[in-house]
Amino acid sequence: MNIIRTSAGASPVSITLSLALLAGLYLFPRFVQSPYALHIMILIFLSVIMGEAWNVIGGYTGQYSVGHAAYFGAGAYTTMILLQYKQINPWYGALVGIAVALVVSLIIGSICFRLRGPYFVLASIAVAEIMRLCAMNLKDLTNGAEGILITEIPPLKFGETVITDFLTKVPFYYIGLTIAIVTILVTWWMQNSKLGYYFQAIREDQDAAHSLGISLSLFKSTALAISAVFTSLAGSFYAIYIGFIDPPTVLALDISVQIVLICIIGGIGTIWGPVVGSLVLVPLSEALRSNLIAQGIFKMGLASEESGVGIFLKEHLSHAHALIYGILVVVVILFMPDGVLGWAKKLAAKKGKG
Amino acid sequence: MTPILEIKHVSKFFGGLAANSDVSFSMDEGMIMGLIGPNGAGKTTLFNCITGYYPPSKGDVLFKGQRLNGLQPDRVCRLGMVRTWQKVRPLTKLSVVDNVMVGALCRTNSLKVARELAMEQLKVVRMDHKADFIAGGLPIGERKKLEVARALATQPTLLLLDEVMGGLNPAESDEIIQLILDIKKAGTITQMVIEHDMKAIMRISDRIVVLNSGEKLAEGTPAEIVSNPEVVRAYLGDFHA
């Protein structure tokens, strides 16, 4: 049947579950001290922020920007440059980064939104590449290909009280978690407001939307601006957390594609899609990179570590992580066109029927 | 009384091709204007010129005395003129009521008010029982009605219907005809209707404009139009005229 429930009324069960999950996430660092586990969680939060941000323009408004590295890089570079030359605390630098990303989004929007479909995609890639080349060549400002490295982060202060001094990963965990939750809440608010309706109308049919009193330029720019703000915040957060940026790590096409994949894998145009996508992609890419899979194969006794196959796996599997990652992405796109979330929902619906 | 819509010497060129050339007519409030003509006569192009999708190459479009040339379709809609599409354009992944709400949100910022307005319009086209269905799954007859409901939800004073009966079976066509007459009876909305079904257009129109090869061929009451030899020639060829 084609019936769907439109009113997104939250049931008591789902509210309780979300609150429990939230409490669990906030208590997590108390029980797990492993820096590696915290690192993975922080990467997941970062990925959720980027995914939810792209979802606003790509998922809801249907404008497939493959140039989101532009905003990610704008946030990262603004923060780092201000810290390096003006010693401005990066947490304020991040706010300036948002302003810069907003301006960039308005400029990019005014150019690219004249185009539709694949032409918009190409234009968005082109603009991000221009930004990357600028960062490479404006050496006085960005250090060019050398990148910017910071060794210590000024403590976050409220008045004179030091809130945290960033000596461990724990403060990053909480900041990442909080920003991720804020992006999810903003997406939820947007979906249940006039903006959400207008964005989706533009996604479904631009001309029809235009005829119903929706200003395409205004609402596409608004969607891109919201998206740019959070992507830039993610960029700043990444820069502060890692402490080093250069054009290939924050402005490259890889970043843009990665951001899009989070949504495609999870499920485009849904609140939880980017979360699911992040939960799949981040651990997967980490596992592939760190040779966990080869070790798993040895542990399960599928191949011995000393055998020819074992040596081959140990030596080459981690190098092939991009290949395996790519194959998995293709498989998901082929067999789960609505993403993992859409696939799970369909499965649940089938079970409910049978 | 100023006419609600005045079209003055409107021409639209695509390169060297004149899709409309020097078309003029005007519409009074509350009437139903029929717009007919053979395929390729420029009816839809004229709709696009009136509603802001194309700026006319020459001439003026005046809505309640205000010149519209160059205004974007969304502004035109906010002024109170809305069109439907010959090739229906449902927002396929949204539900029926959400589709109509998008129209209603033109006049309100509250989703609650928009939902009430949308349900009202769905009752008008007798589709309220399908409110929660996904628009993409509707058959063509209901898509056409959804198109009308969504346009009505923007609370227009002038409604332009582009072949709402195209592709419908006789029962469905009758329903749409009744709907158009009901809208007229309610009295607040003026309508312009493009239609190929001659029986239907003769029944509902107060006046008819005939386009042929982009030019206005004739204008008059339905009775005048059917007896106009020029019109007969355009449709049926010289032999019948």
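Colleague: Which residues in H3(B) meet which ones in H4(B)?
Modeller: This is a predicted model. In it, B:Val96, B:Val97, B:Val100, B:Met101 and B:Ala104 of H3(B) meet B:Ala114, B:Arg115, B:Leu117, B:Ala118, B:Met119, B:Gln121 and B:Leu122 of H4(B).

Colleague: How do the residues of that contact divide into nonpolar, polar and charged?
Modeller: The contact of H3(B) with H4(B) has 10 nonpolar residues, 1 polar and 1 charged.

Colleague: And at what angle do the axes cross?
Modeller: Roughly 115°, and the axes of H3(B), residues 96-104, and H4(B) come within 8 Å. That angle makes H3(B) roughly perpendicular to H4(B). The crossing is right-handed.

Colleague: What about H4(B) against H5(B), what is the packing angle there?
Modeller: About 135°, with the axes 9 Å apart; H4(B) covers residues 111-124 and H5(B) covers residues 140-153. The two helices are therefore oblique to each other. H4(B) passes H5(B) in a right-handed crossing.

Colleague: Which residues meet in that one?
Modeller: From H4(B), B:Leu117, B:Ala118, B:Gln121, B:Leu122 and B:Val124; from H5(B), B:Ala149, B:Leu152 and B:Ala153. By type, the contact of H4(B) with H5(B) has 7 nonpolar residues, 1 polar and no charged. B:Leu117, B:Ala118, B:Gln121 and B:Leu122 of H4(B) also meet residues of H3(B).

Colleague: Changing topic. What is the strand order in the 6-strand sheet of chain B?
Modeller: E6-E7-E8-E3-E9-E10, an open sheet with mixed pairing. E6(B), 81-83, and E10(B) are the edge strands, each pairing on one side only. From one strand to the next the twist averages 15°.

Colleague: In which sense do E3(B) and E8(B) pair?
Modeller: In the parallel sense, over 4 bridges. B:Ile32 stands opposite B:Gln191 in E8(B).

Colleague: Which helix packs on that sheet?
Modeller: H1(B) does, touching E3, E6, E7, E8 and E9 of chain B. The direction of H1(B) makes about 150° with that of E7(B), which is 158-162.

Colleague: How many bridges between E3(B) and E9(B)?
Modeller: 4 bridges, in the parallel sense, joining E3(B) at residues 32-36 and E9(B) at residues 207-212. B:Leu35 stands opposite B:Val209 in E9(B).

Colleague: And E9(B) with E10(B), parallel or antiparallel?
Modeller: Antiparallel, over 5 bridges, with E10(B) at residues 215-220. B:Val209 turns up here too, opposite B:Glu219 in E10(B).

Colleague: Which residue takes a positive phi in that hairpin?
Modeller: B:Ser213, with phi near 45°; the hairpin of E9(B) and E10(B) has 2 residues between the strands.

Colleague: What order do the strands take in the 4-strand sheet?
Modeller: E2-E1-E4-E5 of chain B, an open sheet with antiparallel pairing. The edge strands are E2(B), 17-27, and E5(B), 66-67, and each pairs on one side only.

Colleague: How many bridges join E1(B) to E4(B)?
Modeller: 5 bridges, with E1(B) at residues 5-14 running antiparallel to E4(B) at residues 58-63. B:Lys8 stands opposite B:Asp60 in E4(B). H1(B) packs on this sheet as well, touching E1, E2 and E4 of chain B. Its direction makes about 65° with that of E2(B).

Colleague: On to domains. Which domains does the assignment give for chain B?
Modeller: Domain 1 is 1-74 + 186-241, and domain 2 is 87-162. Their centres, taken over C-alpha atoms, are separated by 26 Å.

Colleague: How many residues does each domain of chain B give to the contact?
Modeller: Domain 1 of chain B gives 13 residues and domain 2 of chain B gives 7 residues. On the domain 1 side, H1(B), 43-51, and E8(B), 190-194, are the elements that give two or more residues. E8(B) gives the most to that side, with 5 residues. The domain 1 side divides into 8 nonpolar, 5 polar and no charged residues.

Colleague: Last topic, the chain contact. How many residues come from chain A and from chain B?
Modeller: 21 residues from chain A and 30 residues from chain B.

Colleague: Which element gives the most to the chain A side?
Modeller: H8(A), with 6 residues. H8(A), 194-204, and H9(A), 206-211, each supply at least two residues of that side. The chain A side divides into 8 nonpolar, 8 polar and 5 charged residues.

Technical notes: Residues are numbered from 1 along each chain as its sequence is written. Chains are lettered from A and ligands numbered from 1 in the order in which they are written. This is a predicted model: local features need pLDDT of at least 70, side-chain atom pairs count only at pLDDT 80 or more; totals for chains, interfaces and linings use all residues. Two residues are in contact if their C-beta atoms, placed from the backbone, lie within 7 Å. Ala, Val, Leu, Ile, Met, Phe, Trp, Tyr, Cys and Pro count as nonpolar, Asp, Glu, Lys and Arg as charged, and the others, Gly among them, as polar. Domain bounds come from an automatic or database domain assignment. Axes are lines fitted to C-alpha atoms, for helices over the stretch in contact, and angles run from 0 to 180 degrees between N-to-C directions. Angles under 35 degrees count as roughly parallel, over 145 as roughly antiparallel, 65 to 115 as roughly perpendicular and the rest as oblique. A crossing is left-handed if the near helix is turned anticlockwise from the far one by less than a right angle, and right-handed if clockwise. Two strands pair if DSSP finds at least two bridges between them.
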